[in-house]
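Trainee: I would like to learn how to read a structure such as this one, step by step. Could we go through it together?

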Amino acid sequence: MTRKQKIQGARAWLLTDTPDSAFQAAAGRFYLGLLEFFHNRLAVVGLLIILALITTAIFAPQIAPFDPVATDLANRLQPLSAHHWFGTDEMGRDIFSRIVWGSRLTLYVIILVAVIAAPVGILVGTVSGYFGGSIDTVLMRITDIFLAFPKLILALAFVAALGPGIENAIIAISITSWPPYARIARAETLTIRNSDFIRAIRLQGAGPLRIITKHIMPLCLSSLIVRVTLDMAGIILTAAGLGFLGLGAQPPSPEWGAMTSAGRSFILDQWWLITMPGTAIFVVSLAFNLLGDGLREVLDPKSDS
Amino acid sequence: MLQMLTRRRLLKATRQTLKLLVIVSTTFFGLLLITFLIGRVVPIDPVLAVVGDKASPEVYEKARLAMGLHLPLWQQFLIYINNVLHGDLGVSVLTAKPVTEDIRRVFPATIELAVTATCIGVLVGIPLGVFSAVKRDSFLDHVTRVIGLLGYSLPIFWLGLMALMVFYAQLDWLPGPGRVDVFYEDIVEPVTGIMIVDCIIAREWEIMRNAIWHVILPASLLGYYSMAYLSRMTRSFMIEQLRQEYILTARVKGVTEWKVIWVHALGNCAIPLITVVALSFGGLLEGSVLTETVFAWPGLGLYLTNSLLNADMNAVLGATIVVGSIFLGVNLLSDFLYKVADPRAR
Amino acid sequence: MKRSDSMDNHLLSVKNLCVSFPSPKGAVDAVRHVSFAMGREKIGIVGESGSGKSVTGRAVLRLLPPYARVTAGHIIYQGRDLQSLSEKEMRGIRGRGISMVMQDPKYSLNPVRTVGRQIREAYEINHTVSRHEARRQALEMLEAVRIRNPEQVYHLYPHEVSGGMGQRIMIAMMLVPKPGLLIADEPTSALDVTVQLQVLAILDDLVSQRGMGLIFISHDLELVSSFCDRIIIMYGGRIMEVVAADRLHESSHPYTRGLLNCLPKIDGDRKPLPTLQRDDAWLEQPENQEEVI
């Protein structure tokens, strides 16, 4: 078969109306979703930016021309040039290199918060929704208590107690991030809980653990993925805010929020100290918003457009 | 509107809100529990913070007993709750004054910002959302959506700094950080705590004008975020309402398009919008932390960050409780208003 | 309730109405070359879902979404060509000239306003009167639709009334400005059978009393034939046949016959009902049918 025939064959297999296996059906749905997603140019832009972020983080040592922490006081506060693409900061460090290395910190924060907050949220939400009764009441009270705090403020209080540093910032942000996921998971669980197929599995003797983990959680996934992606933008902003206040990664770490803060004294004449890291934060946050919006249109179509 | 506020419905709404108060009390209780536990997690020895590290063992022990730190944890918590309910949030290590007094001093400045920002958000954001929903895919719609998207992506501290750089440093159109210019500080007697009102009371017109100029930038900054959020939600609600059949009915009756949109459709949006505005207010309390830091605005947010940087745990936790309580209170109010306004909420 | 009508008094005359909607697969023709004329009589438009009957009604009132493409030779109501009217003038026609009752009062009434207020608004748009007078008119109208305690019902919200009462309120609201023509788009489809008959009876009385025209859109052929003077049968956006109600069962059009044969009869034989065989040829009928009996 020629290459073109192979591609056509694969497409036909994916788009068939009569799939032979669950795998084929799922693959077909995935393909259609993918097509719809790629129709949305802005979402694709978001995805590309995030891929660029990941690439930059992985290949930081290769991409950054200078050592991000090496000071060079003779060269401080240099404007943009061919030598220093984003100029130098108050300690003579190359800003571009610092931003490149800072992408690792950003990625670190995002991944850890997602890995901590999302599972906790799903677990609390599904258990709460499935068992109902007093378990539900107690868990939801706890969730509401955390939701009652404005996120940044609670994160501030935690960091105040635990001390500044990027790990503590991550813990603090995670603690404030899981409640919305619990709520979403619970809402989905309540809808699914009374379906016939759950009753059928229970009749077959499945215990709660199996039902929750193998049947309910997967169904919550799509709305959760959308929500987590959209939240990423806010998490980046919160982390940067904490960094701005000096509560995130400590100097000389090239954390973008902290870099912005350090540039405050030079706002008048050396604008690049603030503008560059701030733009980086903005661009990454924007990318997650665009990606999240795009995912929402594919996975969760009762959206607002 | 007045028709909806019949005695019968007000009574029912009040009864339901009382039920809500029970829920709120437990949430508040949880809030206190969390702040208490945070306070006990601190690696710094609170006794040392008070007596200093040169104190003798006897002084240390006396202070420790006085602070009740020898009691079991749950007893300490009960004392804590008792204190808080009596308005005692401890003494600030930094200012050596009771935290409640400190907060009362700084609080109005934040309220000034939050209220102004909410007004901007409501007066600009909601109409923008309506226009955006009615003329979908028009230029205005795209602009509104971009504004909304930026509002979710721009770091507030960065936008604030940019604004300062452009409007203050480069263009010199607006004054810099602070509530009033440096040489005007501490002249006006703080009666209400709101600078502009105090100036009117003291008839200091020059300072009042100065204060108004100073509030423009921080309030606009916060107002932008409020506006972005409100316009997005309004657009979403309006699109949903304009799809409904009663809108067709209104058009069949011959109602003017203006009235269909602004009275019928927006009227139905007003109810969920109340909740949204309340949520936005809470978000503004958060945003004010960073805004006040950038603009050296002496409000609760700046107080919080200063205390934090100086490890003044009493002040930090006290401010956290206050903000959390306001948030709860605002949500409670919005729930009550929702039940009063929506005839279907039974 | 069958009357012969005077044909020289055309209340509404529609010629060659076409409506199409854009879609990713190309334009969809919802209504094709529909023409009919009516006087002060009751006309039923019957068809399956997607036959274009509702769209026709809304096209007359110019209430289709802006992306719909509507063209017609003419749409003349009481001597005025509706197509030539500005939006403002058209608004004058709506309510006062032509009115429409929709299917489900749960959705077609504004949920946050009392029903009395909504009826009052319908009156106030077309007459400048005091609030008191408008309220009186609204109460009178509620009585006319046989609501027993109009004073009380006036202050109720839509979710507080039953389906039948809600539909009667809807009728009251649409008739209070005294229109000359009423379009009823499946007015009884959301109601229980017993309530259906009540509501229909009220509609019948009011329309006859006021000498109004009525376009009754429905999918229920049996219902329409018992209620209307003439019946227009639509399929695929085209008119298949226009027939007088009392001569419905003599119809020879294959689609009409097919529909009739599908209706279960209480005294029929016990054989399985025939399935309607659709013929695509019906979609290609010649244009410019102006069948007026």
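Trainee: Over which residues of chain C does pLDDT stay under 50, and how many contacts beyond four places in sequence does the model have for them?

Mentor: Where pLDDT is low, the predicted coordinates should not be read in detail. This is a predicted model, and here the pLDDT stays under 50 over residues 287-293 of chain C, a stretch with 13 contacts beyond four places in sequence. Chain C averages a pLDDT of 87, with 94% of the residues scoring at least 70. Confidence in chain C is highest in E8(C), at 95, and lowest among its elements in helix H10 (residues 254-262), at a mean of 83. For the model, the scores are ipTM 0.87 and pTM 0.85.

Trainee: In what order do the strands of the open sheet in chain C lie?

Mentor: Strands of a sheet pair through backbone hydrogen bonds, either parallel or antiparallel. The open sheet in chain C has six strands in the order E7-E8-E9-E3-E10-E11, with mixed pairing, and its edge strands, E7 (98-101) and E11 (238-244), each pair on one side only. E7(C) and E8(C) pair in the parallel sense over four bridges, and C:Ser99 stands opposite C:Leu182 in E8(C). Five bridges then join E8 to E9 of chain C, again in parallel, and there the bridge partner of C:Leu182 is C:Leu214.

Trainee: Which residues of E7(C) lie on one side, and which on the other?

Mentor: In a regular strand the side chains alternate between the two faces of the sheet. In E7(C), C:Ile98 and C:Met100 lie on one side and C:Ser99 and C:Val101 on the other, and all are buried, so that both faces are covered. Helix H7 (residues 163-175) of chain C lies across E7 and E8, running at about 170° to E7(C).

Trainee: How far apart are the end C-alpha atoms of H6(B), and what should its 15 residues span?

Mentor: At 1.5 Å a residue, the 15 residues of H6(B) should span 21 Å, and its end C-alpha atoms are 21 Å apart, which agrees. The buried residues of H6(B) include B:Thr144, B:Gly148 and B:Tyr152, and its buried residues pack against helices H10 (208-244) and H12 (272-299) of chain A, together with H5 (99-134) and H9 of chain B.

Trainee: How many residues of chain B are in contact with chain A?

Mentor: There are 42 residues of chain B in contact with 36 residues of chain A. By class, the side of chain B that touches chain A has 29 nonpolar, 11 polar and two charged residues.

Technical notes. Residues numbered from 1 in each chain as written. Chains lettered and ligands numbered in written order. Predicted model: local features only at pLDDT ≥ 70, side-chain atom pairs only at ≥ 80, totals over all residues. Contact = placed C-beta atoms within 7 Å. Nonpolar A, V, L, I, M, F, W, Y, C, P; charged D, E, K, R; others polar. Pairing = 2+ DSSP bridges. Helix = DSSP H or I, 4+ residues; strand = E, 2+ residues; numbered from the N terminus. Axes fitted to C-alpha atoms, helices over the stretch in contact; angles between N-to-C directions. Expected span 1.5 Å × (residues − 1). Buried ≥ 20, exposed ≤ 12 C-beta atoms within 10 Å, placed from the backbone. pLDDT = per-residue confidence, 0-100.
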